[in-house]
Amino acid sequence: MFDRYNRHITYLRISVTDRCNLRCTYCMPEGGIQLLKKKEILTLEEIAEVVKTGAELGIKKIRLTGGEPLVRQGIVDLVEMINRIDAIEEITMTTNGILLSKYAQQLKAAGLNRINISLDSVIPEKFRDITRGGNLNDVFEGIQAAKSAGLTPIKINVVRLANQDDQEIDLVKKFATEQGLQVRFITQMDLKSGEFSQVEGGEGGNCSICNRLRLTANGMIKPCLFSNKEYSIRDLGIREAFTQALNSKPKRGVMNSNNSFYNIGG
Ligand code: SF4
């Protein structure tokens with residue numbers, strides 16, 4: 001499918017939950033968040049139905065995000081359900097890696113092609129501070145498990161934080177080179193103020209060639225990360241929600257006061 005600016009939309013990013021097992025300082029407020037009620041969150045079957053309709057409309061690539069997708073019950077079953085949809089050429093996931101050593105083999109067997117892992121520091125104390133308590137070793141074990149499972153190429157997503165020095169960034173680059181991982185740097189974004197820039201080493205944030213739509217955990221199809229526009233699949237029906245989202249996709253992102261990163265998956 002093509003939008004009004006003749007951009008070829010083939011990519012759907014799906015937030016499968018607003019829950020997470022970390023509390024990253026740039027994503028989650030200290031005091032926690034107002035979680036979606038269970039009945040507000042799409043069932044696995046509803047998500048698969050959205051992907052099926054999206055595939056009929058031209059979606060070819062799926063990325064599963066969160067919150068943290070690996071805390072969603074049945075996540076392996078969901079990958080299997082999506083993998084059965086012929087027109088979908090690639091299934092990827094963005095995870096914080098904490099639970100990855102437990103799921104890597106199952107995800108690969110279910111049809112996951114490759115994985116991005118969020119890793120903002122390779123200094124244990126700094127990692128623990130940024131994630132408010134995360135254990136860096138869990139992520140390292142997750143990376144090894146993803147490699148063994150063949151979820152490659154593995155990409156590391158690094159959020160460039162204002163107070164991070166270059167030496168720390170260099171340590172992440174060195175680690176990635178040693179481990180044969182690709183690195184992408186994401187300058188800290190602000191949905192409310194509309195501050196964002198292109199992802200270094202990726203395509204995100206380049207509005208002129210934007211190829212994506214998003215599905216939130218509570219069933220909204222969003223034309224753009226930096227827009228308040230969203231269309232409910234439960235109210236409008238899946239096809240109509242896709243159509244309205246596509247037709248209202250902005251030329252360039254502006255700002256988003258409706259969502260937070262933990263419920264839209266970046
Ligand atoms: S800001 Fe919106 S239009 Fe720009 S790249 Fe992101 S999703 Fe696409």
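Mentor: Gladly! Let's start with helix 3 and helix 5, whose crossing is right-handed (the near helix is turned clockwise from the far one by less than a right angle). This is a predicted model, where local features need pLDDT of at least 70, side-chain atom pairs count only at pLDDT 80 or more, and totals for chains, interfaces and linings use all residues. Residues are numbered from 1 along each chain as its sequence is written, and side-chain values use heavy atoms, with hydrogens and water left out.

To find the pair, look for residues 100-110, which form helix 3, and residues 136-149, which form helix 5. Helices here are DSSP runs (H or I, at least four residues), strands are runs of E with at least two, and both are numbered from the N terminus. The axes of helix 3 and helix 5 come within 8 Å, crossing at roughly 15°; axes are lines fitted to C-alpha atoms, for helices over the stretch in contact, with angles from 0 to 180 degrees between N-to-C directions. Helix 3 and helix 5 are therefore roughly parallel to each other (angles under 35 degrees).

Now turn to the other partner of helix 3. Helix 2, residues 75-83, packs with helix 3 at an angle of about 20°, and their axes are 8 Å apart. Because of that, helix 2 is roughly parallel to helix 3. The crossing of helix 2 with helix 3 is right-handed.

The loop between strand 2 (61-65) and helix 2 holds Gly67, and the peptide bond joining Gly66 and Gly67 is cis, with omega about 5°. In the loop between helix 5 and strand 5 (155-160) you will find Pro153. The bond from Thr152 to Pro153 is cis as well, its omega being near 0°. These spots deserve a look, since most peptide bonds are trans.

Finally, there is a pair with another arrangement. Helix 1 (residues 44-57) and helix 8 (residues 238-247) have axes that come within 10 Å and cross at roughly 55°. Helix 1 passes helix 8 in a right-handed crossing.

Methods. Parallel < 35°, antiparallel > 145°, perpendicular 65-115°, else oblique.
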